[in-house]
Amino acid sequence: MSQITTHILDTSLGKPAAGVLVRLETTDADFQWEILASGITNSDGRVPNLLPSNDPLPIGTYRLVFEVEEYFLDGGRKAFYPFVLIVFDVSDASHYHVPLLLNPFGYSTYRGS
């Protein structure tokens with residue numbers, strides 16, 4: 001399993017959000033972001049293998065970028081937020097599950113298991 005996993009639940013519909021582009025990025029010492037991996041959420045709202053290997057990531061700051069505008073437009077809804085950024089720190093080699101609870105006018109997140 002990928003060290004970093006995510007899923008998206010559309011709380012306004014009570015269903016997973018399928019077809020959303022998700023990028024995992026990291027930053028360097030100059031705070032420039034670099035894309036490490038990307039994928040599209042499946043019918044369960046998950047990107048099954050976001051990272052291509054099981055190698056642990058270096059300790060550092062990472063972010064998940066969720067391109068949600070197209071998802072809402074495809075469903076005939078306008079979104080207040082065209083994308084969502086979740087920035088977090090990786091402090092060890094453990095698993096990090098970062099879910100996104102989403103609706104057209106808000107979102108929340110937490111560290112899952």
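The exercises below, each with a worked solution, concern a predicted model.

**Exercise 1.** Determine where Ala-17 is found, and whether Ala-17 counts as buried or exposed.

*Solution.* Begin with the strands on either side: Ala-17 is located in the loop that lies between strand E3 (15-16) and strand E4 (21-27). Next, take its relative accessibility, which is 0%; the cut-off for buried is under 20%, and therefore Ala-17 counts as buried. Finally, look at its surroundings: when neighbours within four places in sequence are left aside, the contacts of Ala-17 are Ile-8, Asp-10, Thr-41, Asn-42, Gly-45 and Tyr-71.

**Exercise 2.** Describe the open sheet of four strands, and state which strands stand at its edges.

*Solution.* First write down the order, which is E3-E2-E9-E10, with mixed pairing. Then consider the ends of that order: E3 and strand E10 (106-109) each have a single partner strand, so one side of each is left without a neighbour in the sheet. Turning to strand E2 (residues 8-10), one finds that E2 runs parallel to E9 and is joined to E9 by three bridges, and that Asp-10 stands opposite Leu-102 in E9.

**Exercise 3.** Identify the residues that touch the most other members of the largest nonpolar core, and the element that gives the largest share.

*Solution.* The core has 26 residues, of which Ile-4, Ile-8, Leu-24, Leu-64, Phe-66 and Phe-88 touch the most other members. Among the elements that give two or more residues to this core are E4, strand E6 (60-67) and strand E7 (84-90), and the largest share, four residues, comes from E7.

Conventions. Residues are numbered from 1 along each chain as its sequence is written. This is a predicted model: local features need pLDDT of at least 70, side-chain atom pairs count only at pLDDT 80 or more; totals for chains, interfaces and linings use all residues. Side-chain values use heavy atoms; hydrogens and water are left out. Buried means under 20% relative accessible area, exposed over 50%, partly exposed in between (1.4 Å probe, protein chains only). Contact means heavy atoms within 4.5 Å. A nonpolar core is a set of buried Ala, Val, Leu, Ile, Met, Phe, Trp, Tyr and Cys residues joined through side-chain atoms within 4.5 Å. Two strands pair if DSSP finds at least two bridges between them.
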